[in-house]
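Please read them with the structure open beside you.

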Amino acid sequence: MSPLSLQALETELKQLDGWTIENGKLHREYKFPSFVEAFGFMSSLALVSEALGHHPEWFNVYNRVTIDLTTHDAGGITSKDIAWAQKANQLA
């Protein structure tokens, strides 16, 4: 799998509400009404991660979940990261 070209990445970002590029990774912070809802979101995405065989870098503090995505073995952002981000937006 190869990293997306800059043009392809820009096209995909237009369709990924709330996601940006930070430090060469797809980045987003979600905010929920409570810790339980934030943790539930992460639990749901853990199942998605296993199904996709792709795991995020993420961080949780109370009601916030911060996510960074990149495909390490490809050396950049790939279609796997885009698919994961789309699923995260659907679940949020």
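1. Just after helix 2, Gly53 takes a positive phi of about 65°. Helices (H or I, at least four residues) and strands (E, at least two) are DSSP runs, numbered from the N terminus. Please keep in mind that this is a predicted model, in which local features need pLDDT of at least 70 and side-chain atom pairs count only at pLDDT 80 or more, while totals for chains, interfaces and linings use all residues. Residues are numbered from 1 along each chain as its sequence is written, and side-chain values use heavy atoms, with hydrogens and water left out.

2. Helix 2 itself has 18 residues and reaches 25 Å from its first C-alpha to its last, close to the 26 Å expected at 1.5 Å a residue, the expected span being 1.5 Å times one less than the number of residues. Its buried residues are Ala38, Phe41, Met42, Leu45, Val48 and Ser49, and they cover an arc of only 115° around the axis, which puts them on the same side of helix 2. The arc is that of the directions from the helix axis to the C-beta atoms, and buried means under 20% relative accessible area, exposed over 50%, and partly exposed in between (1.4 Å probe, protein chains only).

3. On the other side of helix 2, Val36, Leu47, Glu50 and Ala51 are exposed, Val36 with a relative accessible area of 64%. The buried residues of helix 2 pack against strand 2, strand 3, strand 4 and helix 3, where contact means heavy atoms within 4.5 Å.

4. Helix 3 (residues 79-91) buries Asp81, Ile82, Trp84, Ala85 and Ala88. Seen down the axis of helix 3, these buried residues fall within an arc of 165°, so they line one face of the helix. Among the elements that cover them are helix 1 (6-13) and helix 2 (35-52).

5. How many salt bridges does a search of the whole structure find? There are two, a salt bridge being a side-chain nitrogen of Lys or Arg within 4 Å of a carboxyl oxygen of Asp or Glu. In one of them, the side chains of Lys25 and Glu57 meet at 2.8 Å, N to O; Lys25 lies in strand 2 and Glu57 in strand 3, so the pair ties together parts that are 32 residues apart in sequence.

6. Glu29 forms a salt bridge with Arg64, with the closest N and O atoms 4.0 Å apart, and this pair links strand 2 to strand 4 across 35 residues of the chain. Glu29 is partly exposed, at 41% relative accessible area, and Arg64 is also partly exposed, at 32%.
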